[in-house]
Amino acid sequence: MSETTGASYAAAGVDIEAGDRAVELMKEWVKKTRRPEVLGGIGGFAGLFDASALKRYERPLLASATDGVGTKVDIARRLGVYDTIGHDLVAMVMDDIVVCGAEPLFMTDYICVGKVHPERVAAIVKGIAEGCVLAGCALVGGETAEHPGLLGEDDFDVAGAGTGVVEADRLLGPDRIRKGDTVIAMASSGLHSNGYSLVRHVLLDRAGLALESEVAELGRTLGEELLEPTRIYSLDCLALTRTTEVHAYSHVTGGGLAANLARVVPDALHAVVDRSTWTPGAVFDLVGRTGDVERLELEKTLNMGVGMIAIVPEESTDVALTTLADRGVDAWVAGEITDRGGKETGAELVGDYAV
């Protein structure tokens, strides 16, 4: 018999067996995220979550969000470190959900690769699962897609979607904010997962710095700094809402602190944040100084050391700060809510950063 010369999926670059092995390797990590409401395990066509758990709510509102990690994945690829990028994904999704006061319930992920390397995919899922544990949610499913010819063998991207729930009368947001409220800043763990197109352009492309190089002001290698996982605030924010009154949260992501804070400030009011209340981490100065990036451009792109904002009544300030300190979150009073006074935007940064 002559050898078959017909086309095949494998010949086109898709390895189904490698995908199956990746699923087997990731199962142990997914199990660690299990909540009592989760039915079944991974491998089915859909993840199942027992919605009867919502019967305890008078009027449950479902909150959903979707996001990705952005070009930070390029740093993971260059360094060959894949088990932390999942923390960034969970943070980007679940910290958006908790902003309205919702408890994270479950999450799904989407991993797109040029070629399935089972151990690599499993490492990515390990990071996602660890992030889900930190956020208090379950990882109920996901998808790994192999795109040969579209992505290089080592290229990949990750995205995810999550769902949470909040009682309708406990929904946080602009309607609760009042003049005189306190703006509390929570420290970021570094760059988080935003602005990496600028960071990579400045530090790697223009300055030619090596990811493996030690950077004195960072106290570690550049790669270690750039791959630092995004802090996940979900359980800290939920603890705060149980401890004292909270009017709103703002997750500081793309667009920077002022733009994201303005999203939760009502039209008649204004948030004033004083830069002198904190000193941004060394990495922000490194990017600004190396690339000769203007401060306004940095602030529009990076979080500048603040990853989450809580807006609370003035009388709740001390309890809020104590609660966050007890949970190991570095937090401080960064500003207040005032009248709009003709200002065009809902939030502004004033003063100079502390040295």
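In the predicted model, the largest nonpolar core comprises 77 residues, and those with the most contacts inside it are Phe-156, Leu-222, Leu-226 and Leu-261. A nonpolar core is here a set of buried Ala, Val, Leu, Ile, Met, Phe, Trp, Tyr and Cys residues joined through side-chain atoms within 4.5 Å; buried denotes under 20% relative accessible area, exposed over 50%, and partly exposed the range in between (1.4 Å probe, protein chains only). Apart from this core lies another, of 17 residues, which includes Val-98, Ile-184, Leu-238 and Leu-240. When residues up to four places away in sequence are not counted, Leu-222 touches Leu-203, Leu-204, Leu-209, Ala-210, Leu-211, Ser-213, Val-215 and Leu-286, a contact being defined by heavy atoms within 4.5 Å.

Residues are numbered from 1 along each chain as its sequence is written. As the model is predicted, local features need pLDDT of at least 70 and side-chain atom pairs count only at pLDDT 80 or more, whereas totals for chains, interfaces and linings use all residues, and side-chain values use heavy atoms, with hydrogens and water left out.

Helix 3 (residues 85-97) and helix 4 (residues 118-135) pack with their axes 6 Å apart, at an angle of about 45°. Helices are DSSP runs (H or I, at least four residues) numbered from the N terminus; axes are lines fitted to C-alpha atoms over the stretch in contact, with angles running from 0 to 180 degrees between N-to-C directions. Helix 3 is therefore oblique to helix 4, given that angles under 35 degrees count as roughly parallel, over 145 as roughly antiparallel, 65 to 115 as roughly perpendicular and the rest as oblique. On the helix 3 side, Ile-85, Gly-86, His-87, Leu-89, Val-90 and Met-94 meet residues of helix 4 that include Ile-124, Gly-127, Ile-128 and Glu-130. By class, this contact of helix 3 with helix 4 has 9 nonpolar, 4 polar and 1 charged residues (Ala, Val, Leu, Ile, Met, Phe, Trp, Tyr, Cys and Pro count as nonpolar, Asp, Glu, Lys and Arg as charged, and the others, Gly among them, as polar).

The axes of helix 7 (residues 234-243) and helix 11 (residues 317-326) come within 10 Å and cross at roughly 140°, so helix 7 is oblique to helix 11. Asp-236, Ala-239, Leu-240 and Thr-243 of helix 7 meet Val-319, Ala-320, Thr-323 and Leu-324 of helix 11. The residues of this contact divide into 5 nonpolar, 2 polar and 1 charged.

Thr-241 is also found in helix 7 and is buried, with a relative accessible area of 17%. Leaving aside neighbours within four places in sequence, Thr-241 is in contact with Arg-170, Leu-172, Val-246 and Tyr-249.

Note on methods:
Helix = DSSP H or I, 4+ residues; strand = E, 2+ residues; numbered from the N terminus.
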